[in-house]
Amino acid sequence: MVAMRKMKKSILAGAVAAAVCGVLAAADQNETHAREVIALERTTLDGWQVGNPDPLLAISDPEITYFHVVTDKRVEGLPALKALFESYRGRPLFDSYEMAEPKVQASGDTAVLTYTLVRHVGTATTRWNATQVYQRKKEGWRIIHSHWSATRPEP
């Protein structure tokens, strides 16, 4: 009977240790995904700072969907997104920027990045809410959906 209790305790301790290791491994993986996705996003913003949409287009999925206040409806697919962005090529969208409060929520091969883009143009500052849905594919992380909206002006 005593041996049985010891065995049950040993099994329970092993199960708890395995669960803790699994949670820690998942947390490490999510942190890695977050760093990768944020780095990709910064690369796209650096491109827009000099009027170059190519870094964003390079990581956009062929079936991307895109919402922005400059469009009347959802933009569907990479060719349509390229056409929209051509009118901005060579026109820097801001002098400098900040990614305020970036948060990545990852699950499997999908990661959702949300943040507030703080844009500085001359003496003006504007803020935009950003949601970027990334999916990890054989080519690496790709943006499958993008949604931008202006924040409420500060009082």
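pLDDT is the predictor's confidence in each residue, on a scale from 0 to 100, and it accompanies every view of this predicted model.

**View 1. Confidence along the chain, with a close-up of residues 19-26.** The chain has an average pLDDT of 89, and 81% of its residues score at least 70. Where pLDDT is low, the predicted coordinates should not be read in detail.

**View 2. The largest pocket and the residues that line it.** The space in this pocket comes to about 340 Å³, and its lining is made up of 19 residues, with Trp48, Tyr66, His68, Leu93 and Trp148 lying nearest the centre. Helices and strands both take part: α1 (2-49), α3 (78-86), β4 (110-121) and β6 (140-150) each supply at least two residues of the lining, and α1 gives the most, with four residues. Sorted by class, the lining of the largest pocket holds 14 nonpolar residues, alongside three polar and two charged ones.

**View 3. The aromatic pair of tryptophan 48 and phenylalanine 85.** Five aromatic pairs are found in a search of the whole structure. In the pair shown here, the rings of tryptophan 48 and phenylalanine 85 are arranged edge-to-face, at 4.9 Å centre to centre and with 90° between the planes. This pair links distant parts of the chain, since tryptophan 48 belongs to helix α1 and phenylalanine 85 to helix α3, 37 residues apart. Tryptophan 48 counts as buried because its relative accessibility of 8% falls under the 20% limit, and phenylalanine 85, with a relative accessible area of 3%, is likewise buried.

**View 4. The aromatic pair of tyrosine 66 and phenylalanine 85.** The ring centres of tyrosine 66 and phenylalanine 85 lie 5.5 Å apart; their planes meet at 85°, which is over the 60 degrees required, and the pair is therefore edge-to-face. Because tyrosine 66 lies in strand β1 (residues 60-67) and phenylalanine 85 in helix α3, the pair ties together parts that are 19 residues apart in sequence. Tyrosine 66 is also buried, with a relative accessible area of 7%.

**View 5. The cluster of linked aromatic rings.** Ring pairs join Trp48, Tyr66, Phe85 and Tyr88 into a cluster.

Terms used
Residues are numbered from 1 along each chain as its sequence is written. This is a predicted model: local features need pLDDT of at least 70, side-chain atom pairs count only at pLDDT 80 or more; totals for chains, interfaces and linings use all residues. Side-chain values use heavy atoms; hydrogens and water are left out. Contact means heavy atoms within 4.5 Å. On a 1 Å grid over the protein atoms alone, a cavity is a set of points where a 1.4 Å probe fits but cannot get out, and a pocket is an open set with protein on both sides within 12 Å along at least five of seven lines; lining residues have an atom within 4 Å of a point. Grid points are joined across faces, edges and corners, and a volume is the space filled by probe spheres set on the points. Ala, Val, Leu, Ile, Met, Phe, Trp, Tyr, Cys and Pro count as nonpolar, Asp, Glu, Lys and Arg as charged, and the others, Gly among them, as polar. Rings of Phe, Tyr and Trp (its six-membered ring) pair if their centres lie within 6.5 Å; planes under 30 degrees apart count as stacked, over 60 as edge-to-face and the rest as tilted. Buried means under 20% relative accessible area, exposed over 50%, partly exposed in between (1.4 Å probe, protein chains only).
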